[in-house]
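Subject: Structure handover

Hi,

Here is the structure I said I would pass on. My notes follow below it.

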Amino acid sequence: IELEGGNDGLDTVIPYGDPHYVDHRPTVGVDLETVLAIDDEVGFNPNLAAFHASGGAVLEGVGMTDPDLSHFESARRWWIGDITGNATVATGFLGRVCDQLARDEPVTGVSIGRSAAPTMRSDHAVTLSVPDPWAGGGLTATDWPFAMAARQGLATIASSSDGSPLQQLAGANMTRALDFLDVLGTLPERDVRTYPGSQISFQLQTCARLLAGETGVRVIHVPWGSFDTHDDHRGSHDYQLMELDEAVAAFRADLQTLGLADTALIATTSEFGRRPAENAGGTDHGTASTMLLAGPVTPGRHGDAPSLRDLDDDGNLVATVGMDAYYATLAESWFGVPATDVLPDATEPIPGLIQA
């Protein structure tokens, strides 16, 4: 789950035992009396009650070397797995993972979002972006002559062997997309009453349908949220964490019903955290953040909390865990894919985080 906009790690897992937290955030900080303690140093935001109760894991201090505070550059680095900002690769991190996992399934990776996801760009694995299970619905209709003609026309264009290698590749991808539309149309329904009525809930419900349908999909990317909380930080951030918490809880319950609770890992990313010091009602772009994981994980804290006493020259947190180490952990400890095969600058996984 990609928390778009830069999720504030300090108000996701709050260092309530450190007096410097209140010093930095006297007005927009979380009420310390409401924090859901993990230990005597940090605790969950009160809007992550289900996550706290279910024994999720947190990875603190995740960031980059030489961080960039631009959404576009920071997101680009996360999408391709580039901790330094110097890598030049055409594929995305999740796309390269899909390349290693691809076998005979129609589609290996899916992004459930609004448009093509750069992190899912692959070399040879089939990866697609869909907004919902009804994407391209008219093209699968069998009782509408126009739709049937349009589908046949696209299929004819896609199957043409003429043209340049790029045109042939586009045709092959179109064929796969049309085939996957048929798969989407046959996905088993889930009980919508068990999911809250939010966008993230709908996206995770679609994840459950993909998994229940045994489509062969191994990697699902869910971009969601608006975590760029320059103003109205408290209200906006709390509400989004509540939506995330409720949706993930419903998804995990659905996975339990499907018998998949032990075979699905949920992990968050976000392009950066927020600045420790508040502005007039909000928080500005920062550096290190906290990642949330659920499923077959070791509950509790992992990594090292960045210090609120020793900030960098710009007043931001100093990352203690490289995002490449986080990605290496997802690749090796969960998917069994060597980090050297999917990261420009490979590093060792974080021990003990994931129980594969």
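First, a term: a salt bridge here is a side-chain nitrogen of Lys or Arg within 4 Å of a carboxyl oxygen of Asp or Glu. This is a predicted model, so local features need pLDDT of at least 70 and side-chain atom pairs count only at pLDDT 80 or more, while totals for chains, interfaces and linings use all residues. Residues are numbered from 1 along each chain as its sequence is written, and side-chain values use heavy atoms, with hydrogens and water left out.

Salt bridges

The structure holds 15 salt bridges. One of them joins Glu-73 and Arg-77, with the closest N and O atoms 2.9 Å apart. Both sit in helix H3 (residues 71–80), 4 residues apart, so about one helical turn separates them. In general, an α-helix has 3.6 residues a turn, so residues three or four places apart point the same way. Arg-77 counts as buried at 5% relative accessibility. Buried means under 20% relative accessible area, exposed over 50%, and partly exposed in between (1.4 Å probe, protein chains only). Helices (H or I, at least four residues) and strands (E, at least two) are DSSP runs, numbered from the N terminus.

Now the network. Salt bridges link Asp-8, Asp-11, Arg-25, Arg-234 and Asp-238. Arg-25 and Asp-8 meet through their side chains at 2.5 Å, N to O. Arg-25 lies in the loop between helix H1 (19–24) and strand E3 (36–37), and Asp-8 in the loop between strand E1 (2–3) and strand E2 (13–14), so the pair ties together parts that are 17 residues apart in sequence. Arg-25 is buried, with a relative accessible area of 2%. Asp-8 is buried too, at 1%.

The side chains of Asp-11 and Arg-234 form another salt bridge, at 2.9 Å, N to O. Asp-11 lies in the loop between E1 and E2 and Arg-234 in helix H8, so this pair ties together parts that are 223 residues apart in sequence. Asp-11 counts as buried, at 0% relative accessibility.

The sheet

Two strands pair if DSSP finds at least two bridges between them. E6 and E7 pair over 4 bridges, in the parallel sense. Ser-111 has Ser-129 in E7 as its bridge partner.

Contact means heavy atoms within 4.5 Å.

Helix H7

H7 (residues 199–212) has 14 residues and should span 20 Å at 1.5 Å a residue; its end C-alpha atoms are 20 Å apart, which agrees. The expected span is 1.5 Å times one less than the number of residues. In H7, 10 of the 14 residues are buried. Among them are Ile-200, Leu-204, Cys-207 and Arg-209. The cover includes strand E6 (109–112), helix H6 (165–185) and helix H8 (233–258). Just after H7, Glu-214 takes a positive phi of about 50 degrees.

Best wishes
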